[in-house]
Amino acid sequence: MKKKIMTVILGMAMAASVCACGSAADTAAPAVADSSAQPAEDTSAATESSTDSKKWIIATDTSFKPFEYTDEKGDFVGIDMDILAAVAEDQGFDYEVQVLGWDASIAACQAGQADGMIAGASVTEERKSSGWIFSDGYYDANQCMAVAADSDIKGFSDLDGLSVAVKTGTMSAAYAESLAPDYGFTVTYFEDSPTMYQAVVGGQVAGCFDDTPIMASNIKDTGIAMKLVEGTGNEPAAYGFAIFNPDNQELVDMFNKGLANIKANGKYDEILAKYLGE
């Protein structure tokens, strides 16, 4: 009887031993799975791949014909867009254009939401001192005044007591502001060129200041009832691609190299001829 009891006890002990081994194996399993995953190596590879495939975010204005505008097919085109595309192809970088408007483009770059900006931005010492970092110039342009086609205004001296329109934060705005005290006119601000031109045609303002090639292109292509006023232009300044974060200097360097290359191989002249006939 005792032998039978001992046999039962031994059997129970062996069963308990087997169950205990099973529990230990279950507890250790997650540790084995974690060590075999080797996440550090995979993460490093993904980071390197992400760096190699960086897409630069480039902000631009909504309408600054012929440098950036929407054509009759609904495509966003222009000199700036074609130069950017040619430079990117030459230098082998990827980019995405965000059409934000002038003020919003500056704000996006300053906030780190965009990497660079191309929007017919004149290169000036004032802008450089306030944080703009420019590429080499890619087009020389000046600013002048335009009035309604049937206007009798022939120069700045005819503006006394009147109001003229400008686009906020532009070189043309600075130009008009510098002349206002001497000629007795006031300055009215607009967010975009098309709205400003309509104010001129509609008689809300006596004239407007804007970049000369922009107004000349709009008058020629759209037939808007405006005319440039001879003798009202200032000294030309270069347009430049711009960044606001020194960490993006690589982008400016690539733009400069690509610009030099497309000027050398004739692509730059083809782009200007396409939009300006030059």
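In what order do the strands of the five-strand open sheet come? The legends below start there; keep in mind that this is a predicted model.

**View 1. The open sheet, strand by strand.** Going across, the order is S9-S8-S10-S7-S11, and the pairing is mixed. At the edges you'll find S9 and strand S11 (226–228), each with a single partner strand, so each has one side left without a neighbour in the sheet. On average, neighbouring strands are turned by 35° against each other, ignoring direction.

**View 2. Zooming in on S8 and S9.** These two strands run parallel and are joined by five bridges. Look for Val 164, which stands opposite Val 187 in S9.

**View 3. Two helices on the sheet.** H6 lies across S7, S8, S9 and S10, and its direction is at about 135° to S10. Helix H8 (residues 212–222) packs on the sheet too, where it touches S7, S10 and S11. The direction of H8 makes about 115° with that of S10.

**View 4. H6 and its two sides.** Helix H6 spans residues 171–183, 13 residues in total, and reaches 18 Å from first C-alpha to last, close to the 18 Å expected at 1.5 Å a residue. Its buried residues are Ser 172, Ala 173, Tyr 175, Ala 176, Leu 179 and Ala 180. They sit on the same side of H6 because the arc they cover around the axis is only 155°. As a reminder, an α-helix has 3.6 residues a turn, so residues three or four places apart point the same way.

**View 5. Inside the largest nonpolar core.** This core has 46 residues, and the ones touching the most other members are Ile 83 and Cys 208. Helix H3 (residues 79–91) supplies the largest share of this core, seven residues. Apart from this core lies another one, of 17 residues, among them Met 145, Val 147, Leu 159 and Phe 185.

**View 6. Cys 208 and its contacts.** Leaving out residues up to four places away in sequence, Cys 208 touches Cys 144, Met 145, Ala 146, Ala 165, Met 196, Tyr 197, Val 200, Met 215 and Met 226.

Note on methods
Residues numbered from 1 in each chain as written. Predicted model: local features only at pLDDT ≥ 70, side-chain atom pairs only at ≥ 80, totals over all residues. Heavy atoms only, no water. Helix = DSSP H or I, 4+ residues; strand = E, 2+ residues; numbered from the N terminus. Expected span 1.5 Å × (residues − 1). Buried < 20%, exposed > 50% of the residue type's maximum accessible area, 1.4 Å probe, protein only. Arc of directions from axis to C-beta. Core = buried A, V, L, I, M, F, W, Y, C linked by side-chain atoms within 4.5 Å. Contact = heavy atoms within 4.5 Å. Pairing = 2+ DSSP bridges. Axes fitted to C-alpha atoms, helices over the stretch in contact; angles between N-to-C directions.
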